[in-house]
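Hello,

Here is the structure we talked about handing over. Please have a look, then read the notes below.

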Amino acid sequence: MRLRHLGLPVRDYERSLRFYTTYFEFDPATARSYPDGTVIVRNADGFDLALHPAAEAPPTSTFLHIGFAMADPAAVDDLRTRLARDGVPIVERDDESDLVSFKCLDPDGWRVEVYWEAA
């Protein structure tokens with residue numbers, strides 16, 4: 001059994017699609033629209049992100065998040081620097097010898113974690 005997709009309610013699917021294709025390697029060429037307004041986009045690993053139109057705000061829990069693993073600590077730092085430079089809010093950061101991570105907010109306020117962890 002494999003986890004294959006995540007559905008997120010978003011206020012503006014085009015804005016969210018740009019965010020996830022720009023920073024998290026989802027392929028915009030794979031984006032497909034469905035009659036209910038959902039847009040599904042896939043990454044190179046075959047993971048689908050379903051962006052569904054909604055007017056509601058994300059949950060207020062600071063624990064709920066999406067996680068993306070990176071190859072090494074430098075890749076985590078490079079992406080954090082790029083996101084911060086582009087004005088994306090960085091809301092947490094952890095720099096330890098066996099874990100380098102940060103959490104940022106997507107355009108709808110969903111927390112997105114990027115991390116490298118020693119094996």
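**Aromatic rings**

Y20 is buried, at 0% relative accessibility (buried means under 20% relative accessible area, with a 1.4 Å probe and protein chains only). This is a predicted model, where local features need pLDDT of at least 70, side-chain atom pairs count only at pLDDT 80 or more, and totals for chains, interfaces and linings use all residues. Residues are numbered from 1 along each chain as its sequence is written, and side-chain values use heavy atoms, leaving out hydrogens and water.

The whole structure holds seven aromatic pairs (rings of Phe, Tyr and Trp, the last by its six-membered ring, with centres within 6.5 Å; planes under 30 degrees apart are stacked, over 60 edge-to-face, the rest tilted). Y20 and F24 make a tilted pair, 5.9 Å centre to centre with 40° between the planes. F24 is buried too, with a relative accessible area of 5%. Y20 also pairs with F26, edge-to-face, at 6.4 Å centre to centre and 90° between the planes. F26 is buried at 3% relative accessibility. Ring pairs join F19, Y20, Y23, F24, F26 and F68 into a cluster.

**Largest pocket**

The largest pocket has a volume of about 560 Å³ (a pocket is an open set of points on a 1 Å grid over the protein atoms alone, where a 1.4 Å probe fits, with protein on both sides within 12 Å along at least five of seven lines; lining residues have an atom within 4 Å of a point; the volume is the space filled by probe spheres set on the points, which are joined across faces, edges and corners). Of its 22 lining residues, N43, D45, G67, F68 and A69 are closest to the centre.

Regards

Methods. Buried means under 20% relative accessible area, exposed over 50%, partly exposed in between (1.4 Å probe, protein chains only).
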